[in-house]
Amino acid sequence: MTERTTTARTGATATGFDRRLLPPMILGSVLNPVNSTIIAVTLIPIGNALGVPPSQTAWLVSALYLATALGQPVVGRLIDLFGPRRLFLISTSLVGVAGVVGTLAPNLGVLIGSRVLLGFGTCAGYPAAMALLRSEERRTGIRSPAGVLTALAVANQTIAVIGPLLGGLLVSVGGWRATFALNVPLAALAVALGLLRLPRHTPPGGSDAPAAGTAPRTRLATRLDLPGMALFAGMLVALLLFLMNLRPEDWYLPVIAAAAGAGFVRRELRAPAPFIDLRVLGGNTPLLVTYGRALVTYTVSYAFLYGFTQWTEEGYGLSPFHAGLVQIPMFLVAIGVSLLSGRSTAVRGKLLVGALGQVAACVVMLTLAGDSPVWTLVLVALVFGVPQGLNSLALQNCVYAQADSERMASSAGLLRTFAYIGSMVASATAALSFGPHVTTGGMHHLAWFMLGAGVVYLLLTVLDRTLGRNSDATGAAAGV
């Protein structure tokens with residue numbers, strides 16, 4: 001389909017970003033964070049209702065991120081090949097199915113299964129949004145506006161504000177099952193917006209243009225690189241299963257991960273159309289450092305989201321609703337910081353201030369006790385709001401500027417993969433820190449781990465010479 005036809009169907013102008021794309025882009029990208037933040041205040045009620053300890057309900061967190069960490073780059077690659085529309089519609093439909101399964105789940109096993117479906121269902125939103133941004137840049141011939149990138153970041157922060165409070169309200173009114181039922185109307189709205197507003201088009205090098213003398217099915221299988229995807233999946237699943245439940249008797253899991261990883265590297269270096277082009281990625285040092293930084297910072301961020309929230313409920317004695325209220329200052333500050341810094345080109349400055357903010361918040365967490373005044377809990381949330389707003393926006397801008405244009409969706413998916421690996425490291429550490437009961441001592445153990453990760457993040461930023469050379473270019477390319 002030609003660009004003129006695509007423009008006519010979406011109602012875009014030839015000189016600017018098609019604003020009609022924003023609603024499905026934003027809604028698709030927030031389906032994952034809304035489920036992440038809501039579950040934070042429902043872990044204790046679910047555990048009480050089903051008679052399981054925090055070490056088992058932690059799988060509700062890990063299952064979603066295991067599925068999403070695996071699915072994001074895979075779906076991102078499919079979006080690069082076939083365009084965002086069909087993958088967006090399939091994935092968001094799966095979110096609705098997961099909502100029904102979770103609402104009716106009779107036990108923890110089925111509930112975990114619904115979270116796996118949610119993980120795969122929320123895979124397309126963010127890569128599709130980044131691919132649409134790059135597509136609009138090609139169509140208009142101008143850089144996508146900084147406001148669009150900032151809007152995505154602020155939307156995620158806003159959902160993070162609403163999520164804990166909404167989760168507490170839903171638990172109070174309809175029980176924890178209402179938090180899963182919420183996905184049904186959200187998925188229906190996302191599918192409707194996708195049908196109405198996402199463009200029908202064939203991406204560059206799409207599957208409908210097979211090489212001469214090559215059967216279409218053979219051409220499609222080659223472009224998908226199914227062996228590469230399978231090896232990547234085996235490597236990631238084995239690694240994450242080991243991280244989620246660290247035990248000496250599971251020594252074979254990292255061995256499997258290493259073997260699958262070696263096979264994956266061998267395959268990708270030889271494949272004519274690799275799933276992840278390691279030759280290009282290996283030469284892109286700034287992007288590799290961005291992924292590493294994302295792993296560390298999201299480890300700290302999610303450890304706070306899940307571990308601190310559980311402690312405020314069980315260790316400190318707040319209700320799920322009030323535990324959600326304590327989180328709100330963090331996300332309000334994050335929104336304000338994102339809006340204020342959204343048009344700045346100083347990516348390095350954002351990352352440095354974000355790193356220092358994480359370290360400071362972890363230090364304050366170490367001073368908390370079961371009889372600490374409530375304002376100290378709010379203080380921790382306020383301090384955490386600064387890095388929450390700066391880090392996600394800066395990392396997103398870096399990937400948009402550093403990634404190969406033809407692999408924008410899969411590169412964005414990999415950013416989320418590293419973030420979700422961090423979340424599972426955080427979840428496993430929280431489970432190890434708390435054990436069968438959430439105590440103040442366990443929270444302090446978690447805070448020490450977070451502080452160490454925060455220091456690593458700070459060092460990665462201070463010592464990153466590529467960031468120093470490319471920060472201004474990154475900001476300019478991202479339109480910030």
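Biologist: Where is Arg 465 found?
Modeller: Arg 465 is in helix α21, residues 465-478. Helices here are DSSP runs of H or I with at least four residues, strands are runs of E with at least two, and both are numbered from the N terminus.

Biologist: Is Arg 465 buried or exposed?
Modeller: Exposed, because Arg 465 has 70% relative accessibility. Buried means under 20% relative accessible area, exposed over 50%, and partly exposed in between, using a 1.4 Å probe and protein chains only.

Biologist: Back up a bit. What kind of model is this?
Modeller: A predicted one: local features need pLDDT of at least 70, side-chain atom pairs count only at pLDDT 80 or more, and totals for chains, interfaces and linings use all residues. Residues are numbered from 1 along each chain as its sequence is written, and side-chain values use heavy atoms, with hydrogens and water left out.

Biologist: What is the mean pLDDT of the protein chain?
Modeller: The mean is 81, and 87% of residues reach 70 or more. pLDDT is the predictor's confidence in each residue, from 0 to 100.

Biologist: Where does pLDDT stay under 50?
Modeller: Over residues 1-14, which have 27 contacts beyond four places in sequence. Residues 204-214 are also below 50, with 14 contacts beyond near neighbours in sequence. Contact means heavy atoms within 4.5 Å.

Biologist: How many helices and strands in the protein chain?
Modeller: There are 21 helices and zero strands. Of the 480 residues, 59% count as buried. Among contacts with a separation of 6 or more, 83% join residues 24 or more positions apart.

Biologist: New topic. How do α16 and α18 pack?
Modeller: Helix α16 (residues 320-341) and helix α18 (residues 374-402) pack at about 35 degrees, with axes 7 Å apart. Axes are lines fitted to C-alpha atoms over the stretch in contact, and angles run from 0 to 180 degrees between N-to-C directions.

Biologist: Which residues make the contact?
Modeller: On α16 they include Val 326, Phe 331 and Val 337. On α18 they include Leu 377, Phe 384 and Gln 388. By class, the contact has 15 nonpolar, five polar and no charged residues. Ala, Val, Leu, Ile, Met, Phe, Trp, Tyr, Cys and Pro count as nonpolar, Asp, Glu, Lys and Arg as charged, and the others, Gly among them, as polar.

Biologist: What does Ser 301 touch?
Modeller: Gln 358 and Gln 388, not counting residues up to four places away in sequence. Ser 301 sits in helix α15, residues 285-315. Ser 301 counts as buried because its relative accessibility is 11%. Ser 301 and Gln 388 are 87 residues apart in sequence and 7.3 Å apart in space, C-alpha to C-alpha.

Biologist: How many salt bridges does the structure hold?
Modeller: One. The side chains of Arg 267 and Asp 225 meet at 2.8 Å, N to O. A salt bridge is a side-chain nitrogen of Lys or Arg within 4 Å of a carboxyl oxygen of Asp or Glu.

Biologist: Where do the two partners sit?
Modeller: Arg 267 is in helix α13 (residues 252-270), and Asp 225 is in the loop between α11 (216-224) and α12 (226-244). They are 42 residues apart.

Biologist: Are those two buried or exposed?
Modeller: Arg 267 is partly exposed at 28% relative accessibility. Asp 225 is buried, with a relative accessible area of 0%.
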